[in-house]
Amino acid sequence: MTNLTREETEALIAEVLEIYPEKAKKDRAKHLTVNDQSIEQSKKCITSNRKSLPGVMTIRGCAYAGSKGVVWGPIKDMIHISHGPVGCGQYSRAGRRNYYVGTTGINTFGTMNFTSDFQEKDIVFGGDKKLAKIMTEIESLFPLAKGISVQSECPIGLIGDDIEAVSKKASKELNKPVVPVRCEGFRGVSQSLGHHIANDAIRDWVLDKRDGDNSFQTTPYDVSIIGDYNIGGDAWSSRTLLEEMGLRVVSQWSGDGTLAEMELTPKVKLNLLHCYRSMNYISRHMEEKYGIPWVEYNFFGPTKIAESLRKIAGYFDDTIKEGAERVIERYKAQYDAVIAKYRPRLEGKRVMLYVGGLRPRHVIGAYEDLGMEVVGTGYEFAHNDDYDRTIKDMGNATLIYDDVTGYEFEEFVKKVKPDLIGAGIKEKYIFQKMGIPFRQMHSWDYSGPYHGYDGFAIFARDMDMTLNNPCWGKMKAPWIKDEAAPAVAAAA
Ligand code: SF4
C-alpha cells in the first residue's frame, strides 16, 4: 500500500476501533490520531498518560522500571537494591545495555542484581530489618561502592515499610549516601511516574551535597549530559562531539555516570537534555534552584546533530560556535559516505515506530537522512508535551498512537504495510513472524551506539542489514511452496 491520505488514515483508525465494546472504543479513540502539522497543541488531537484499559495488551512498564531500570540503575558506582521479591530485579537485570567502564563487583555494579528477595514472612512481619542487614552485608562485601539506593517494588508500599528510616540510619552508620526511592510498580500509569519519583529522590538526597562547597574548579564551558543512558555506548559517541567542540562534560546522567558526577552537576553552565521525558524534572529543578539553563538536543542522524551542535553552541561564545562548525565539517566526509552507501539501498522505505522516551520523534531525522519515511509513531508513556514536539516532526496524515495495544498495532501494520518496524522485544517476534523486518529500538537490538556521527554509521548499517536481509524472501513455509507436488505425483 502506498501512503495513506488523511481520510484513509481516519477510516483505518475507525475500522480498528470497531472491534471494541462501546466504552473501550470511546476511550481508545482519544489515543489514536492522524497527524496534522498545523495543530500547535497536541491535547486537541490526542490523550496521553492515562491508565491503560484492563483487558488490552499494553506494552508499558511500571514505576519501578522507570526508576531502577532507567534513571538510577545506570549510576555505576552505587549499588541499587531491588527491594522486594526477586523477580522484578532478576528479569530486568542488565537488559537495557547501559555500558560502563569499571570492574564489575569491585568499583562498578551496573550488571549485577542486588535484591532483598522478599519471602512470605517478610510480607507478614515487614522487611526493614532485612534491608538494614543487607546494607551491612553490602558494605562488607563491596566496600568501594559509593552509595546505595533502595528501589522499592510493589509490596514495600503495600505493607508500609519505613525504608526512609532504615536508609537514614544506614547512611549515618556507613557514612555513605543511602537513598530510599518510593518507586513501587503500582504508582502511576506507566514507567513515567517512576522517572519523576527517581528525579525527585536525586533532588532530595543527592543534588545538594556540594552546595556551598566551591572547591571544584569550574570553567566557562562546563556542561552535563542529562537523559543519556549510554545504551550500546550512546553517551560516549555524544560526549566525543561535545568535547571536540570545546565543551567540558562534567557529568553523564546516568549512563556510565557516577555519584560524584551527579553531585557536581549544579556547578555546570548548561544542562544538555537528550531524553526530555525522563529527566526534564531534574533539569527544571536545577534551573529554578541553581539558575542553570537547559536545552534539548537530538544526536540521531547528521541533520539533527548539526542543528543541535549549533543550538548548543548558541549558549556559548565564538570559541564554541567555531568548535561546532569545525566538528560538523570534520565528520562531513564520514557521514556523506554513509549516506552515499546506504541511501540508495533504503530510499523510499517506510517505517513504523513504537518506543518510549524520546525516540519516537528523535530518530525520524536519522531515517530521513537515509531517504526513509516514518509513517506511524507512538509512545508507551508519553505526556502531551512529548506529542506537542512530535506533531511537527511527523508528516501530515501519518498515524500517531498512544499506549497502543497489541491488537491495534498489529492491525495498523497489516493495513499500512511498512517496510520496517522499530519497537521493543515484546513486539519483535510477532512482526518478524508476519514477515516484516524489525529492529529493537530500545536496546538497539544488541548493537549501537546510534547517537552521534559514529552512531549514525552503525544505525544506517543496521537498518540496511535488517531491511535488505535475504531471509525475508524465504518466509514462505516449504509445504506451501510444494503444494502442487503431491497432485503431480498422483497424476503421474
Ligand atoms: S509492577 Fe511491581 S511486581 Fe511488577 S515488576 Fe513492577 S515493581 Fe515488580
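Arg 350 stands opposite Glu 373 in strand S11. In this predicted model, that contact belongs to a parallel pairing of strand S10 (residues 350–353) with S11 (residues 373–379), which is formed by three bridges. S10 also pairs with strand S13 (residues 420–423), again in the parallel sense and over three bridges. Within S13, Ile 421 is the bridge partner of Met 352.

The side chains of S10 may be considered next. Arg 350 and Met 352 lie on one side of the strand, Val 351 and Leu 353 lie on the other, and all of them are buried. Both faces of S10 are therefore covered, as buried residues have under 20% relative accessible area.

Attention now turns to strand S8 (residues 270–273). Both of its faces are covered: Leu 270 and Leu 272 are buried on one side, and Asn 271 and Leu 273 are buried on the other. Strand S6 (residues 222–228) pairs with S8 in the parallel sense over four bridges, and Ser 224 stands opposite Asn 271. S8 is also joined by three bridges to strand S9 (residues 294–296), and these two strands run parallel. In S9, Glu 296 is the bridge partner of Leu 273. Together with helix H12 (residues 276–290), S8 and S9 make a right-handed β-α-β unit.

Finally, the cysteines deserve a comment. A disulfide is a covalent bond between the sulfur atoms of two cysteines. The structure holds zero disulfides. Cys 45 has a relative accessibility of 22%, so this residue counts as partly exposed. Cys 154 is likewise partly exposed, with a relative accessible area of 30%.

Notes: Residues numbered from 1 in each chain as written. Predicted model: local features only at pLDDT ≥ 70, side-chain atom pairs only at ≥ 80, totals over all residues. Heavy atoms only, no water. Disulfide = S-S within 2.5 Å. Buried < 20%, exposed > 50% of the residue type's maximum accessible area, 1.4 Å probe, protein only. Pairing = 2+ DSSP bridges. Right-handed = clockwise from strand over helix to strand, strands pointing away.
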